[in-house]
Amino acid sequence: RPGWRGLIEEFRDRLPVSDATPVVTLQEGGTPLLPAPVLSARTGCDVFLKVEGLNPTGSFKDRGMTLAVSKAVEEGSKAVICASTGNTSASAAAYAARAGITCAVLVPAGKIALGKLAQALVHGAKLIQLEGNFDDCLMVADKLSQDYPVALVNSINPVRLQGQKTAAFEIVQVLGDAPDLHVLPVGNAGNISAYWMGYSEDAEEGNATKRPRMLGVQAAGAAPIVNGHVVEHPQTIATAIRIGNPASWAKALDAEKESGGKIIAVTDREIHAAYMLLARSEGVFVELGSAASVAGLLKQAEAGWVDKGQTIVCTVTGNGLKDPDWAVSTAPQPQTVPVDVLMTAKALGL
Ligand code: F0G
């Protein structure tokens, strides 16, 4: 979007910033609200994708990070720390680089996508792999931020959610009102809480006539909110949302209840099917964790939970290029042929 200044400047009067706040921005936000014709036909609704993979580091985390790093610098921090399944660390590393401060990152060993690891490393983060899961990483990061001079930039830092609520503002601006239903993946449960806050503020301020029902989607092997108890050993191919004890659990339940919505689980098979549908039929390459939202929408539409004719927004949270390993290893191996027109035609089945 020409002239877009990043979300702190675009939404300054609705965010906890002042003239004293140094704005650390990569001009995040302002992402497309893309009509999804195939999903619309399948559900009998008007479905839009909020394509958050087009943020500067390829995920919605940049919305929270511009604010978290700006506030950390304002408060005099020389270092930030986060636990991450990959995207938070990629974003924190980039914004810390931009601000000229140190970034420390704790990730579950062997369980983050290659592209995200590359991002944290190339932006110069001090990255440590812990022999545990995300929940263990967050526990250690939180403790370190209490005992050492490093600012925690996970979503338990409330300014993260303040930044992320702006995605709801953008949707209301484009649609002219809130949608009927908003669908998004749930991991640590920060984003669903942030969207609910954004939609609620829009309704209070008279920018929207209603708030949407919220549909949160967890992976079946990492579905503590759906199961009603902590998952000690979360498992899913969607590593971004491989979380067993979400920090914003209570806030997500509030969003579910107040909106008349639902938090559901989808299987890895359903996530993969949605990932392929988005790539092959809508032309949108997302990461597996992001496809959970679409899997959840299709599941609820089939179950008759979604009335026809509704306006629906699905947030697709991260870019598919972050996980090239997985995409390539599950696709058919490309054929290699000599430089020859006929042989190439034959290989293409022409
Ligand atoms: N989608 C993607 C691509 C994510 O990276 C995450 C969270 C979520 C959805 C879920 O959002 O945690 O607010 O419920 N990723 C975090 C990280 C945990 O460390 O990058 P949530």
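**Getting to know the chain**

Reader: To start with, how much of the chain counts as buried?
Author: Of its 350 residues, 57% count as buried, where buried means under 20% relative accessible area, exposed means over 50%, and partly exposed is in between, with a 1.4 Å probe and protein chains only. Please keep in mind that this is a predicted model, in which local features need pLDDT of at least 70 and side-chain atom pairs count only at pLDDT 80 or more, while totals for chains, interfaces and linings use all residues. Residues are numbered from 1 along each chain as its sequence is written, and side-chain values use heavy atoms, with hydrogens and water left out.

Reader: How many helices and strands are there?
Author: The chain has 15 helices and 10 strands; these are DSSP runs numbered from the N terminus, with helices being H or I of at least four residues and strands being E of at least two. The radius of gyration is 20 Å, close to the 20 Å that the globule rule gives for 350 residues, so the chain is as compact as a globular protein of that length. That radius is taken over C-alpha atoms, and the rule is 2.2 Å times the number of residues to the power 0.38.

Reader: Switching topic, what does UniProt place at Lys61?
Author: An unreviewed UniProt entry places the feature "modified residue: N6-(pyridoxal phosphate)lysine" at Lys61; positions from UniProt are given in the numbering used here, feature names are shortened, and annotations may be inferred rather than shown by experiment. The unreviewed entry also places "domain: Tryptophan synthase beta chain-like PALP" at residues 24–318, a span that is 45% helix and 17% strand.

Reader: Is Lys61 buried or exposed, and what does it touch?
Author: Lys61 counts as buried because its relative accessibility is 16%, and it is found in helix α3, residues 61–74. Leaving aside neighbours within four places in sequence, Lys61 is in contact with Asn87, Thr88, Ser91 and Arg160.

Reader: What about Lys116, which helix is that in?
Author: Lys116 is in helix α5, residues 114–122, and at 1% relative accessibility Lys116 counts as buried. Its contacts beyond four places in sequence include Asn87, Glu287 and Lys322.

Reader: Which residues of α8 are buried?
Author: They are Thr166, Ala167, Ala168, Phe169, Glu170, Ile171 and Val172, so seven of the 10 residues in helix α8 (residues 166–175) are buried, and the helix is mostly covered. Just after α8, Gly176 takes a positive phi of about 85 degrees.

Reader: Which residues other than glycine have a positive phi?
Author: Gln27 is one of them, with phi near 60 degrees, and Ala189 is another, with phi near 75 degrees. As background, most residues other than glycine have a negative phi.

Reader: Where do Gln27 and Ala189 sit, and is each buried or exposed?
Author: Gln27 lies in the loop between α1 and β1 (33–35) and is exposed, with a relative accessible area of 52%. Ala189, in the loop between β7 (181–185) and α9 (190–204), is buried, with a relative accessible area of 4%.

Note on methods
Contact = heavy atoms within 4.5 Å.
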